[in-house]
Amino acid sequence: MARSLKGVSVEPTRREFLKAGALLTGAAVLPRGLMTVPGQELAVEAFQVPLTVPPVLTPYERRAGVDRYRIAMRRSNAEVIPGSRTPVWGYNGRFPGPTIRVESGKPVVVRQMNRLDVATTVHLHGGHVSPGDDGHPMDLIAPGRHKDYHYPNDQPASTLWYHDHTHRQTGRNVNMGLAGLYIIEDDVERGLNLPSGEFDVPLVLQDRKFNRDGSFFFRHDHNGNFGDVYLVNGRPMPFFEVAARKYRFRLVNASNSRIYDLALDPGFPMTQIASDGGLLPAPNAITNVSISPAERIEVVIDFSLLPLGTSLTLRDRDPEAEPGEPGAPVMRFDVTRQADDTSTVPAALRPVEPLPEASREREFELSLDFDAGWVINGKGFGPNRIDARPRLGEVEVWRFNNLSTLPHPMHLHQAMFQILDREGTPPPPGERGWKDTVRVDSAERVRIAVRFTRFTGDYVFHCHNLAHEDHAMMAQMRIRR
Ligand code: C2O
Ligand code: CU
Ligand code: CU
């Protein structure tokens, strides 16, 4: 007795489980306005602290044209909620980690030293790297040891990020703070004269729940880890004083599980210029945007259209909210001064050549299994199993078929892909750039085209809701000649 869910047939055994799953997902609801943390002493109001931007790391050495960086993963304390102390595991002890800014085509080496008492592995999300440098979940750095990660940076300007990827512990480790930005720049992008320097601002979005003592709450939960406090660059619902001119914002969803639906309040236009893999072919005017875990969305906001003294609040609308409800505040932009602006947003950004016709098609069913947890084609992650063997240089179509009641942001290591369609409909303009993570909604089928180049070997692909990923929604491909 198969039931039809938007035309997708769901086996009866899974149906009961889907129902149970639906009951467990209500965790995403945030109170409005005043954010209260368990324990009075940790009450935090929105817009009390200024936004800060993670510092850019300087290489400790430049040898034969290769910049070398050193990062120590270590424990420290961060003042996330004013007046309290939060123990974190940070890259160089920072939450979020320092930003690495590199030039396209110029290789770098990042030495990651593990000063924690747990094994870790570091993945460059969106990076086109060899299997040994990819931070595979089983390729661990033992406590006290280090590893040199080689990043060729042979890819266009884009906003990537690095984060922990330890087998079954990624959610906990990222929640503790192990995430940072990795920005690639190039001449094409510089030639466009987009807002730059202090007017190019990364916004790392995370949500956290706190324990009474100020520490981050975490529990292994296979459905998701949702916070009740929004953090931007590690600050709770900050304000940001801006000049009346254009800014470029690099939105990075580094949250464990939360999918944001962002809009400015009062309603105000944003111009999307880039996604995961860098610039879109053309700017895309939007008033709201969905960003699921690991996705990047870059927008330009032109504050010159606003009088001095006005503010715009960035809000996240809960999918269950009543229509017209503004959503919870994430941060606020306060227009406080005049400034010159010679930057532009050209009508053409960077062409995205469609990939040629695929030579094969693969299908991946996403569902929930009683024993195995979240599964891809019926199986949870098997580190010693290869689930797909694509050929180097060939174009493939991958179809994700979501048979579950929750959305899954599906991510491929090693290659950027193009979204072909959602249920047969071509993607909206904001999804017509290079992507490495795609949201697959409940009962939705999404097709992507991908071509693996340069490196052969084993890489993972997985759901980027870290709770799902840790509860086995990950598979492995072997790229072969
Ligand atoms: Cu951002 Cu496999 O991860
Ligand atoms: Cu990745
Ligand atoms: Cu998922």
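This is a predicted model: local features need pLDDT of at least 70, side-chain atom pairs count only at pLDDT 80 or more; totals for chains, interfaces and linings use all residues.
Buried here means under 20% relative accessible area, exposed means over 50%, and partly exposed is in between (1.4 Å probe, protein chains only). Residues are numbered from 1 along each chain as its sequence is written, while chains are lettered from A and ligands numbered from 1 in the order in which they are written. Local features need pLDDT of at least 70, side-chain atom pairs count only at pLDDT 80 or more, and totals for chains, interfaces and linings use all residues, with side-chain values based on heavy atoms and with hydrogens and water left out.

**Copper sites**

- Donors are N, O and S atoms within 2.8 Å of the metal (3.2 Å for Na, K and Ca), and since water is not among the atoms, sites may look incomplete.
- The copper ion (ligand 2) is held by His-123 (NE2) and His-411 (NE2), at 1.9 Å.
- His-123 sits in strand β10 (residues 122-125) and His-411 in strand β29 (residues 408-412), so this pair ties together parts that are 288 residues apart in sequence.
- His-123 and His-411 are both buried.
- Helices (H or I, at least four residues) and strands (E, at least two) are DSSP runs, numbered from the N terminus.

**Arginine patch**

- Arg-360, Arg-389, Arg-391 and Arg-480 make up a positive surface patch.
- Arg-391 belongs to the loop between β27 (373-376) and β28 (395-402), and is partly exposed at 33% relative accessible area.

- The bond from Phe-95 to Pro-96 is a cis peptide, with omega near -15 degrees; Pro-96 is in the loop between β7 (86-91) and β8 (100-103).
- Asp-265 to Pro-266 is also cis, with omega near 0 degrees, and Pro-266 falls in the loop between β19 (260-265) and β20 (270-275).
- Ala-64 isn't a glycine, yet has a positive phi of about 50 degrees; Ala-64 is exposed, with a relative accessible area of 80%.
- Asn-193 also has a positive phi, near 60 degrees, and lies in the loop between α3 (187-190) and β14 (200-208).

Note on methods. Patches are made of residues with over 30% relative accessible area and no salt bridge: like charges are joined within 9 Å, nonpolar side chains (Val, Leu, Ile, Met, Phe, Trp, Tyr) within 5 Å. Accessible areas come from the Shrake-Rupley method with a 1.4 Å probe; for residues, only the protein chains shown count as cover. A salt bridge is a side-chain nitrogen of Lys or Arg within 4 Å of a carboxyl oxygen of Asp or Glu. Lys and Arg count as positive and Asp and Glu as negative; His and the chain ends are not counted. The place of a charge is taken as NZ of Lys, CZ of Arg, CG of Asp or CD of Glu.
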